[in-house]
Structures are given as structure tokens and as C-alpha cells.
Number of protein chains: 2
Amino acid sequence: MGEPTELRCVNCGQLFPPWSLDYACPDCGPDKGSLEVLYNYRALGRRLTPKSFAETQQHSLWRYEELLPMGREHAVSLRSGGTPLYSCRTLAAELGLRGLWTKDDGLNPTGSCKDRSTAVAMAAARKLGRASCSCASTGNAAVSLAGFCASAGMPGFVFVPETISRPKIAQLRAFGVLVFAVGGTYEQTYELCSEASAKYDWFNRSAAVNPMNVEGEKTAAFELWEQLGGELPEYVVTPVGDGSFISGLCKGFRELVQVELAASTPAVFGVQAEGAAAVAHAFARHKQGQTILPATEPAQTIADSINVGRPRDVLRAVRSVAETDGDFVTVSDAEINEAAQEIARRVGVFAEPAAAASYAGLLRLLDRADIPAQARVAVMVTGSGLKDAGDYLDGLPGPIVVPPHLEALAEHLDL
Amino acid sequence: MGEPTELRCVNCGQLFPPWSLDYACPDCGPDKGSLEVLYNYRALGRRLTPKSFAETQQHSLWRYEELLPMGREHAVSLRSGGTPLYSCRTLAAELGLRGLWTKDDGLNPTGSCKDRSTAVAMAAARKLGRASCSCASTGNAAVSLAGFCASAGMPGFVFVPETISRPKIAQLRAFGVLVFAVGGTYEQTYELCSEASAKYDWFNRSAAVNPMNVEGEKTAAFELWEQLGGELPEYVVTPVGDGSFISGLCKGFRELVQVELAASTPAVFGVQAEGAAAVAHAFARHKQGQTILPATEPAQTIADSINVGRPRDVLRAVRSVAETDGDFVTVSDAEINEAAQEIARRVGVFAEPAAAASYAGLLRLLDRADIPAQARVAVMVTGSGLKDAGDYLDGLPGPIVVPPHLEALAEHLDL
């Protein structure tokens, strides 16, 4: 259980012994040289059956311990993973789909899919005997690290842009870590955290640079497979900021094939905001045969969790999606708002704007027939609407203020 | 599965056939005559084993279908229950306890324990073929009903006090139900919903009056038992507003004894805010041999979810707690604030103020030795801190605003 065999650089393919490096390939550097954890898939394939995971009786992502880099004895208490998957039959029928599922990763312990990566990164920190952890993020990853540090009783240092939402700041302050609100872009925030982590020897859980993140994120793919009774949908649509979560999803699907629990991976589609679309642009260039390079672009979207101008996992995200025959799509802030409202009204899942971008993307993909009629599609909802409760509701009716008398109701009821 | 035998009035003990009444005992009325769902416990005791629930492979409260009023074919998609239980070893040691567990019911689908009651109440509405649902509440129950109505595609009508928190209003608006913000107290809000539900034939899921709520809430007790490996703690501490959730918890523990899965129930302690303590006061009167009567008192606490002046389930709550040899305790708003901060900092669970009242109560109970040293205690955390993110953090340090330069950090780090 939890026995990685190698670390491989996603850029140059160089192999390193497991646990020999914390972050990136020394030759390719942090911008391109993300490391990927490899396992003995042949041996795992012989051992694992469709029922192996249920037998652990774990409801967290440690259910998939066999495919994680360490055993659950290193885990922090907070329970990540095991989030619900909802079948949306009426909505599927209306959209002409054979199946539509929504996975609510907002029900992770601090309210986002980032708890998956933190769970494995913090377990790595404990296995390695590290004394403190750090993270730079647009918000959710920092909040997640803060919660896990509180749970583990470990000092934490987090770096967020000054513009982070009020609820996320409230979470950070409550969890008692040291919070730096950086007067600069997310890119500068990220750099500052990297430098400080190197200088002060903090275990840096920032996206991309830490290979453990993807190991946690891939468990969303395993859950999807298990929740659909050992089947995979044909298409999976997910929001993309840094490119880390989508890389994790793709790795999860790939590993299910490698251990012979699935025949093939779904086509994975990444969704970005039109105003912060550096990964989508890199993917478009890749399709035209150009080299995938780290790129910095202006970033401006209401969906703060994916408001990323310099995505840190662009190389891996582009290659991973290409391997699944997927693609990228961009959506406007107005479409994101509308999607968040639609998911709440029709599915009963209150999503933050970034988390609803996947549904906006699905509508676009159906429109341009990238996803065909009668397909089976899963949509990832990556964070809770309570993380950013409100501004996108501006177009919706407010409560009807009434005095406490029955007569006052009648005029508002069309019954 | 899901076969109730009778409904019993908690006041006069009269028995009614299952499903023969929607709300309260017609003789005792809604203020006293809450109905309790009974089952054939002897038959269930013969059939159920400690492993029966795991065999269902359900991770929601439908895992306990055998002890619920209907089968899961009536369930709405949103997944209630299956929330994590955290063992807090360091904190337990510091408090001189042998065991301390925190159950995070804020990870239910709309962020509070009320999703347990709604899950069963909505399943009842569907079984009964009702066309629409309603609810009055201090916030969380209304939000929960709204989410489930969205998931079920059923019209919903909710009534909340005008003073409800912004995030809760945001959730209500997003879920697309009709929201009435009542210019009056919670008591008037509750009455208005009852009258309108009767007039317009809405299935009313408001606390106490609907016997299905307690059926959902009791599943928290079943989970606690199962998560502790088929054992129960000696003490359970929970916040109390209307008295419905604590009644459900007590019923759950009682039923575990009735079906012979547990030898005895824990002592259950209810915690109220000093400024909204009508159930605690009724319990004190009961201990002096006085009759338990519905009581209206002024209510004023920062913990909005338990800011209840006229608790609707006072009779049942007082009797249930007395049967377990439990008690009530009141805590100040300052203690509630401090408890919310402590749970976040030490356990990594961000709780709304009302939800943290249980931990404040535990500290009081240890202080006055109502809970002895070396005890094993579970603390219920009933709602997410994202529901009310912020004001109670006023005393905590804010983020440190820094420019994006490493030199600027050093002065803030004592390393």
C-alpha cells in the first residue's frame, strides 16, 4: 500500500527515486518540470479488483490508499474525498444527454476540491518529518492548507492576493495560520511563497510544484468510477485555473486504465473564463503544433478561484487533456453567473462561480457539438457557493418582505 | 425496510396508525403534541447486526433505511448524513478527557444538520404524493428545504426572520424557492408558515410539528455509534434551539438500545445561549417537579441558528434529555465566540457560532464537573462557519498585508 516506484519529470521524462525530490525536476525547473508519481501498475493490476476499495471501508480518499504515495497512518484527521455524485435526470433529458452527473466537491472539509491535494501533501509532510507547511493560492488551496494545519497542529504560512473573498479570509483567520495578503498579482504571491518556503524550510504545497497535489486530486476520478458502479462517463468537464486539478483527474482516469479497472479514459474538457484563459490558449497553440510554453497573460474574471494569469501546471494540463482526446473551452463571466444559478436551482448544489464554470462549459460544448447528443457526461463542481456568497445573485429576485399576517401573503402567491 | 408501526403523541401517549396524521396529535395540539414514529423494535432487533448498515453500501443516512419511515426509493438526490467524526486527541488530553470527538454536520449538502431532517421529510412528501413543501426557520432548516426542493424539482415556500445572515439569504435566493422575509420574530414567522401551509396545502417541514424531522436527525446518533466501531461515548453535547435535533439524537440512541445494538444511551447535554434559553429553563423547572409547558421568552444571541424564544419541541426535548440522565447548560455569547475560534484553530472545523455552542457547553460542564475527568465525550457541530462568516472573528488578527518582496516578510516572522 502506498508504494510509489519513481518520480518522473513531465517535461524531460527523467526518472528519480521516490521521495528524492520535494518539488520539480532540477533540470527543467518549476515552470515546466512538474514531477509525476509512478507506481508498479502491473502488480497493482494483478491485485486490485472492482471491490478492493470498498473493502477498506474508508469513506475518505484513503479508500484509494493502494494508489496513493503513502499509507493512511500519515493522514491528518480532516476527511477529504467521498463527496457525493448526483444524477441529474431531468436536466440530462432537457439537454439531450443520456446521462448527466454533478460531483459536489464543495463538500470537502474546507469547502473545495483543494482538500484532496492538501490531504496527500500534508500526509507527505508528516511522512517526511517536516515541521511546517506553506501555500500560495487564489484562495481555496490556502484555506485548505490552513484547515489541515489546524487539524494537524502544525504551523502554516499562507499567501493570498489582497483581493480574496471575505468568507475565505474569515476561514483563514479562524484556522489560526499566519496569513500574508500580498499587494500584487497571484503570480507575485506565488513567487513570494516559493522564495520564503525555500528560505525558511516550509513544505510548500502550492499547486504544480508539489507532486503530491495531483496524487490527491486524482482520487476524484477514482470516486467517479466507483460511484458509477465501476463505469466511467464518456466526457468529464471541469473548471481550470492553474491546471493542477485537471491534471489530477486525467492521471486518475489513466491509472484506472493502467491497473485494468477501466477500458479507456473519458475525454476530459477544461473550462476557463474568457478573461483568464492562459491554459486554453496554450492548448490551442499545442493543437497547431506549437511548443507548450509557460505563459503569462492578463487575468480578469469574477470567478476568483480560476483567476490565474500564469498557470503553473500548463504543460502537464495540456498534455494530459490531449491524451484523453479532450479539449478546452472558454466562457464569459455572464455565462458563469448563469451556470451557478442554474446548478443551484436545478440540482440543489450551491457552487462558487469558478466551480460552476464547468456547467457553463458543458453548455458551450453541446452548442458546438464537441460533446454529442446522447452522451454521458460528468461535471465537476469544485467549490462551495458559501465561499463567495452573493454577488452573482444580483439578477435574482430577493426575498419578499412581508408583515406576519396571512392576508399579506396572498398577493405574492399565484396559486 | 422503512416500516413504521405507529405514531405516538409525546404528550398523551395516544397511538395512531402510521401515515394517518401529517403533524401533531389532534387532542394535544402542535405546541405539545409532537408525534413520534415507532417501529417493531423486537423484530428489528432480531434482524439487525452491527454489520447490517455497512452492508447497504450507502454513505448517506439511507444507510439506516431499516430504521427510517420509508424506503430510499422516495429519497431526493442530495446526500444527507455520512458526515465525518474527528478524534481530537491533543485537545482531549488537555481537557483531561479519555476521548473527545467532534462530528462535523456542517458538511451536509446545504451546510447544516437540518439536511438530515429535510431528507426524511421530503421523502415523506414524495411518498405521500404532496405537490409542494414549506418551512419556517431561523435559517438553516429553510435553506435546507430550499436545496432539497431544487434537487427534487418541487415548489418550495420558506419563511425566515428578516434578520437572517447574508450567506443564508444567498443560498435561499440561489435555490429558487419563494422566500418570505417576515417582519417579526421567529415565533411570528413560524405561525405564519403554519397558517399558510394549512391554507395552501403545503407539506410543512417546520421543526417539531413534522414527525419526520426527528427521524432524520436521529441518524446522527446511529453514525456516531458506527463511527466509534459499534460503541457509544459516555456523554454527547449538542446545541439546542427548537429542541428538535436533540430530541432526534436521544431517539437515535434509545433505538440503538431497543434493537440491542447498544447497552445504554450516553448522557445527552443540551447547550443554549444565555440570551435564548427557554428549553434550558423548562428543564430546570422539570427537575424541580414542575410541569413542562411551552414557554415564550425573549431571545437575543449572536448564534442566530439557536436564537429561539419559543422552542417548538420543548416537551420532547426535556423528556428525552431527562431519560438519558443528561442536563442543560447555558453559555454566553463571548463563550460561544471563543469556542468557535477554538474549534477552528484546534480541530480544523470552521463552525457557525450556534454550532460551536456545544464546545462552549462542554467547557462549562467540565468546569462544574457534570462531565467528569477521563470521560469519553462527543461534541456535535451542527452547521458550517461559512453560513455566518465573520463577525465573531473580530478579536482575531487579520491578514498581514505585505508587498511582494521577501525582505518584507522577515519582520513578521519570528523564526
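**View 1. Helix 10 (residues 244-258) and helix 12 (residues 314-323) of chain A pack at an angle of about 40°, their axes lying 9 Å apart.** Axes are lines fitted to C-alpha atoms, for helices over the stretch in contact, with angles from 0 to 180 degrees between N-to-C directions; helices (H or I, at least four residues) and strands (E, at least two) are DSSP runs numbered from the N terminus. This is a predicted model, in which local features need pLDDT of at least 70 and side-chain atom pairs count only at pLDDT 80 or more, whereas totals for chains, interfaces and linings use all residues. Residues are numbered from 1 along each chain as its sequence is written, and chains are lettered from A and ligands numbered from 1 in the order in which they are written. On the side of helix 10 of chain A, the contact (C-beta atoms, placed from the backbone, within 7 Å) is made by A:I246, A:S247, A:C250 and A:K251, and helix 12 of chain A contributes A:R316, A:A317, A:S320, A:V321 and A:E323. By class, the residues of this contact between helix 10 and helix 12 of chain A comprise 4 nonpolar, 2 polar and 3 charged, where Ala, Val, Leu, Ile, Met, Phe, Trp, Tyr, Cys and Pro count as nonpolar, Asp, Glu, Lys and Arg as charged, and the others, Gly among them, as polar.

**View 2. A:A280 lies in helix 11 (residues 278-287) of chain A.** A:A280 counts as buried because it has 23 C-beta neighbours inside 10 Å; the cut-offs are 20 or more other C-beta atoms within 10 Å for buried, 12 or fewer for exposed and partly exposed in between, with C-beta atoms placed from the backbone. When neighbours within four places in sequence are left aside, the residues in contact with A:A280 are A:G270, A:Q272, A:F328 and A:T330.

**View 3. Strand 6 (residues 133-136) of chain A is covered on both of its faces.** A:C133 and A:C135 on one side, and A:S134 and A:A136 on the other, are all buried. Strand 6 of chain A pairs (at least two DSSP bridges between two strands) with strand 7 (residues 156-161) of chain A in the parallel sense over 4 bridges, and strand 6 is also joined, again in parallel, by 2 bridges to strand 9 (residues 203-204) of chain A. A:S134 takes part in both pairings, with A:F157 as its bridge partner in strand 7 of chain A and A:N204 as its bridge partner in strand 9 of chain A.

**View 4. An open sheet of 3 strands in chain B has the order 2-1-3, with antiparallel pairing.** Strand 2 (15-16) and strand 3 (35-39) of chain B are at the edges with a single partner strand each, so one side of each has no neighbour in the sheet. Strand 1 (residues 4-9) of chain B is paired antiparallel with strand 3 of chain B over 5 bridges; B:R8 stands opposite B:E36, and the bridge partner of B:P4 is B:Y39.

**View 5. Chain B meets chain A through 69 residues of chain B in contact with 69 residues of chain A.** Helix 6 of chain B gives the most to the side of chain B that touches chain A, namely 9 residues, and that side as a whole divides into 38 nonpolar, 22 polar and 9 charged residues. Strand pairing also runs between the chains, with 3 bridges joining strand 8 (residues 178-182) of chain A to strand 14 of chain B in parallel, and with B:I400 as the bridge partner of A:F180.

**View 6. The loop between helix 14 (353-367) and strand 13 (376-381) of chain B contains B:A369, and B:Q374 has its place in this loop as well.** In B:A369, a residue other than glycine, phi has a positive value near 60°, and in B:Q374, likewise not a glycine, phi is positive and near 70°. B:A369 is exposed, with 8 other C-beta atoms within 10 Å, and B:Q374 counts as exposed with 10 C-beta neighbours inside 10 Å.

Key
Contact = placed C-beta atoms within 7 Å.
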